[in-house]
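Here is a short briefing on one protein structure.

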Amino acid sequence: VSGVSGVGKDALIARIRERTDRFVVPVTMTTRAPRPAEVHGRDYLFTTREAFIQALEANELLEHAEVYGNFYGVPRSQLRDALAAGRDVIMRVDVQGVVTLRELLPDAVFIFLEPEDRSVIERRLRERGTDEATLQRRLAAAEREMIAATKSTRIGETEDIAALVAFIAGPEGRFLQGAMIDMDGGYTKTL
C-alpha cells in the first residue's frame, strides 16, 4: 500500500488487520524519531543511521529509501518468514519503494491511495502537528508522488473506507493483481 503522506495508509492497514488475520505486516525500520503514540517494534523499528546503514550493507533490507531526510526500509527476514509460513504480506511503502519492489516482486499487488483532494492531506498533516516547513515539503512531494504513481494499481480514497477494506480483506482481494479499482463501480479495468 502506497500513497502520499497523510492519505491514510496506516488507517487502511489497521482496518484490514481488524477484519482478517490473512496478512502479516512487516515492521519498517526507520531512522526518524518516534511520534508520541508510536511504539518500537509495533509501529516501526526505530534505529540510528549507523545501524540502518549496517543493515543495508549486509543486504538485510528488501527495499529502502530516504524520505524527508530519514531512512526507511523493510527487513527481508520479516517478508521471508511470513511467506514461508504461507501468509500474505501487506506493506506500507512510499512511491520510491514501489519502483524497487516491482522489480523484486513482479507478482505483487500494488495499491496507491489517492486523496480526495489536497486539502484532505493538508488537514491530516496539520492534525498530526506537522510543522509548517515540513508540511509544505510534504505537500509538494505529494504532487510529485501522485504523478509518479501511475504505475501502481490505483484506488481513489472514498468516504466509505469500509468498502475498500472489505474488498481487499475479502476473497475478492486475491484478484487485485493488475486491476484498476473504482470504488463506485468495482473491478473496472485490467491493466
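Glu122 and Arg126 both sit in helix 5 (residues 118-127). They are four residues apart, about one turn of the helix. Helices (H or I, at least four residues) and strands (E, at least two) are DSSP runs, numbered from the N terminus. This is a predicted model: local features need pLDDT of at least 70, side-chain atom pairs count only at pLDDT 80 or more, and totals for chains, interfaces and linings use all residues. Residues are numbered from 1 along each chain as its sequence is written, and side-chain values use heavy atoms, with hydrogens and water left out.

- Glu122 forms a salt bridge with Arg126, and their closest N and O atoms are 3.0 Å apart. A salt bridge is a side-chain nitrogen of Lys or Arg within 4 Å of a carboxyl oxygen of Asp or Glu.
- Glu122 is partly exposed, at 25% relative accessibility. Arg126 is partly exposed too, at 40%. Buried means under 20% relative accessible area, exposed over 50%, and partly exposed in between (1.4 Å probe, protein chains only).

**Salt bridges across the chain**
- The structure holds nine salt bridges.
- One of them joins Arg92 and Asp10, with the closest N and O atoms 2.3 Å apart.
- That pair links distant parts of the chain, 82 residues apart. Arg92 is in the loop between strand 7 (88-89) and helix 4 (95-104), while Asp10 is in helix 1 (residues 9-19).
- Arg92 is buried at 17% relative accessibility, whereas Asp10 is partly exposed at 36%.
- Arg22 and Asp88 also meet in a salt bridge (2.9 Å, N to O). Arg22 lies in the loop between helix 1 and strand 2 (23-24) and Asp88 in strand 7, so the pair ties together parts 66 residues apart in sequence.
- Arg22 is buried at 16%; Asp88 is partly exposed at 23%.

- Four strands form an open sheet in the order 4-3-6-5, with mixed pairing. Two strands pair if DSSP finds at least two bridges between them.
- Strand 4 (45-46) and strand 5 (61-67) stand at the edges. Each has a single partner strand, so one side of each is left without a neighbour in the sheet.
- Strand 5 pairs with strand 6 (residues 70-75) in the antiparallel sense, over six bridges.
- Ala65 stands opposite Tyr72 in strand 6.
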